[in-house]
Number of protein chains: 2
Amino acid sequence: MSRIYELRLMTRVAQLYYANRLKQSEISTRLNISQATISRLLKRAEQEGIVRVTITPPRGTFPDLEQALRDRYGLTEVVVADCFQEAEDQILRAIGEAAGHYFESTIGDDEVIGLSSWSASLLAMVEAIHPLKRAKAKKVVQLLGGIGNPVVQSHATQLTTRLAALTGAEPMLLSAQGVAASAAAKLIMVGDAYVRATMEQFRHITVALVGIGALQPSLMLWNSGNSFSSDELHDLEARGAIGDVCLRFFDAAGRPVTGSLDERVIGMSLAELGKVPRVVGVAGGARKLDAIRGALLGRIVNVLITDKFTAARLTDQDIS
Amino acid sequence: MSRIYELRLMTRVAQLYYANRLKQSEISTRLNISQATISRLLKRAEQEGIVRVTITPPRGTFPDLEQALRDRYGLTEVVVADCFQEAEDQILRAIGEAAGHYFESTIGDDEVIGLSSWSASLLAMVEAIHPLKRAKAKKVVQLLGGIGNPVVQSHATQLTTRLAALTGAEPMLLSAQGVAASAAAKLIMVGDAYVRATMEQFRHITVALVGIGALQPSLMLWNSGNSFSSDELHDLEARGAIGDVCLRFFDAAGRPVTGSLDERVIGMSLAELGKVPRVVGVAGGARKLDAIRGALLGRIVNVLITDKFTAARLTDQDIS
DNA sequence: GCCTCATTTGAATATCTATTCTCTATTGTA
DNA sequence: TACAATAGAGAATAGATATTCAAATGAGGC
């Protein structure tokens with residue numbers, strides 16, 4: 001059969017199939033051609049470029065940025081949230097909402113959720129989550145003790161409790177300070193049966209929700225000599241630390257920066273986190289850019305929820 | 001779920017489905033969403049205009065013209081053949097080839113083919129047909145006796161024989177003049193057993209291949225007082241006849257123009273033709289434009305094979 | 001607050017589509 | 001001319017997708 005007529009036939013079949021929405025069998029009856037051949041013609045029509053499928057991203061979605069981030073950093077999934085202005089509070093709301101939606105629509109039954117509690121992003125996320133009707137998750141495990149004064153500490157456990165309530169899961173709290181006064185103090189706290197029980201769950205976690213912190217300036221400022229000694233922080237900084245997840249520090253390339261602090265932190269380690277199938281990092285904002293990049297490069301998270309500005313910067317694109 | 005996130009999800013699913021070519025079930029595993037929902041999201045993505053399918057007609061094919069003709073004249077199928085120049089011989093070759101392809105690819109098993117023999121278009125068509133390997137058609141029935149001198153007459157029956165050979169069908173010939181000298185002469189010819197047998201097949205025909213003739217100027221000139229009397233032709237013309245199919249005349253609107261001639265023509269009548277499920281008209285060229293339009297308006301044919309120039313004129317479009 | 005109606009969801013399944021398999025036929029090669 | 005390798009078509013069927021159904025949820029309306 002001559003080429004031109006084959007092309008015509010493909011076009012006609014494509015027209016009947018895609019424009020007129022006929023079944024292949026209807027086309028096959030109509031044109032006296034077997035259904036198998038119709039199927040093959042349609043496939044060839046695609047190969048020939050006669051049929052093309054175009055995906056037009058609706059305003060406010062950024063599949064190209066997401067794709068670029070997945071490709072560049074080997075991430076499983078990325079959600080880029082739209083955000084009108086690049087102001088901290090706006091970004092926080094945007095990524096919180098996005099993370100909430102992501103969480104709601106991807107949480108499966110019987111999941112064991114890990115939550116690295118003290119993070120404005122995660123707080124925003126949990127606030128965005130609607131109560132799930134049917135109990136879905138099994139457990140919500142607090143990944144890190146509370147930080148700073150007791151009020152903030154309780155905040156941390158509340159977040160865990162809240163998420164547990166929303167998902168109908170059992171909360172597993174880490175009723176301890178995130179940073180013990182000393183390695184010895186940590187040992188004592190870890191001796192607590194409840195703390196042990198929670199930490200025992202770490203290895204059963206199926207999805208971890210974590211914030212990503214920047215060392216400079218926030219942690220430095222915020223700390224103001226409470227949990228961390230200036231020496232420790234400066235030491236971390238001197239050794240290249242740029243950010244943290246669960247108070248476990250890493251440098252710009254994502255390599256762990258260990259230190260005496262690790263002996264005092266009560267919470268999940270990076271090694272343990274590495275064994276969790278799905279680690280969702282929720283973070284955005286220019287201030288955290290390098291920390292986020294580090295977490296991505298170090299494969300500390302494999303899902304990222306961020307804002308469009310940060311996403312653009314992470315892919316070296318112009319910000320639009 | 002907020003609208004923007006729904007749209008994002010549709011986009012993402014569409015991307016995985018169309019760009020990454022994942023199965024719906026793979027997507028459903030990956031995103032923790034049921035396959036049913038993936039299917040629904042894809043459907044909605046189309047409705048939302050996120051996914052669009054574009055059909056790009058290859059050069060030399062004219063789906064838009066074909067569509068316009070189908071719509072305008074209520075045709076079942078139309079093939080518009082490409083044609084470089086608007087010269088009779090070129091047009092003839094183009095539509096002949098197109099008709100041949102159309103025939104080859106749509107002829108089914110057990111079809112009874114009717115062939116209105118004396119037509120340059122049909123000749124070109126039959127010449128373009130490759131011998132079918134497996135016998136397909138059951139019978140090829142000559143729809144009209146031969147015209148003019150015996151050489152031309154035999155031409156007509158040869159065409160039938162040839163098509164029959166190509167399709168492995170049994171030829172049913174009308175070994176008679178297309179136009180008898182008188183009504184009485186017709187009666188005599190129709191008395192012949194073979195002629196009767198062939199005409200008996202008329203009502204079993206599943207597909208009729210017919211040319212479309214123009215009264216002016218061709219028939220008038222061509223005749224030169226052979227089969228038709230000038231009176232008859234002028235009478236037909238006076239009564240609005242503009243063209244014919246199987247020597248059955250019709251006016252510009254496709255209404256039959258009957259006359260004494262009908263009593264003498266040995267061949268299928270328009271009424272009989274109207275009962276054939278698929279009547280394929282093969283014709284093109286400026287000269288025949290009005291005749292073709294008449295045949296279309298009168299629903300005398302329901303499939304048209306023509307050239308792009310004629311197609312454009314039939315749809316009142318500019319010729320390109 | 002409680003009920004009704006319209007939606008939404010996933011499991012089961014009906015339907016549609018792609019692929020395999022086999023047969024036929026064709027093309028290039030000796 | 002005959003032969004092997006190649007290509008193409010449809011029938012059967014494996015596989016994928018759409019739809020149905022039942023259950024559950026949410027949004028008004030009283």
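**Two protein chains and a DNA strand**

Hi everyone, let's begin at the DNA: a polar side-chain atom of K43(A) sits 2.7 Å from a phosphate oxygen of DNA strand C. Before going on, a word on the model: it is predicted, so local features need pLDDT of at least 70 and side-chain atom pairs count only at pLDDT 80 or more, while totals for chains, interfaces and linings use all residues. Residues are numbered from 1 along each chain as its sequence is written, chains are lettered from A and ligands numbered from 1 in the order in which they are written, and side-chain values use heavy atoms, with hydrogens and water left out.

Back to DNA strand C. The top contributor is α3(A), with five residues. "Near" means that one of a residue's heavy atoms lies within 4 Å.

An N or O atom in the side chain of Q35(A) is 2.9 Å from a base nitrogen of DNA strand C, and for R40(A) the distance to a base oxygen is 3.5 Å. Looking at the DNA atoms within 4 Å of the protein, 58% belong to sugar or phosphate and the rest to bases.

Now, the two chains together. How many residues does each chain bring to the contact? Chain A gives 46 residues and chain B gives 46 residues, with contact meaning heavy atoms within 4.5 Å. Between them they bury about 3800 Å², 54% of it on carbon and sulfur atoms. That buried area is the accessible area (1.4 Å probe) that two parts lose on being put together, summed over both. On the chain B side, Y5(B), R8(B) and I55(B) lose the most area to chain A, together 16% of what that side buries.

There are also charged pairs across this contact: six salt bridges link chain B and chain A. By salt bridge I mean a side-chain nitrogen of Lys or Arg within 4 Å of a carboxyl oxygen of Asp or Glu. One of them joins R21(B) to E46(A), whose closest N and O atoms are 2.9 Å apart. As for who contributes, α1(B) gives the most to the side of chain B that touches chain A, with nine residues.

Three strands form an open sheet in the order β7-β8-β9, with antiparallel pairing. The edge strands, β7 (213–214) and β9 (248–251), each pair on one side only. Four bridges join β8 (residues 241–245) to β9(B), and A241(B) has D251(B) as its bridge partner.

Last stop: over all chains the count is 33 salt bridges. E111(A) and R278(A) form a salt bridge at 3.1 Å, N to O. This pair links distant parts of the chain, 167 residues apart: E111(A) is in the loop between α5 (88–106) and β3 (112–115), and R278(A) is in strand β10 (residues 278–282).

Methods:
Helix = DSSP H or I, 4+ residues; strand = E, 2+ residues; numbered from the N terminus. Polar contact = N/O pair within 3.5 Å; in protein donor to acceptor, adjacent residues only side chain to side chain. Pairing = 2+ DSSP bridges.
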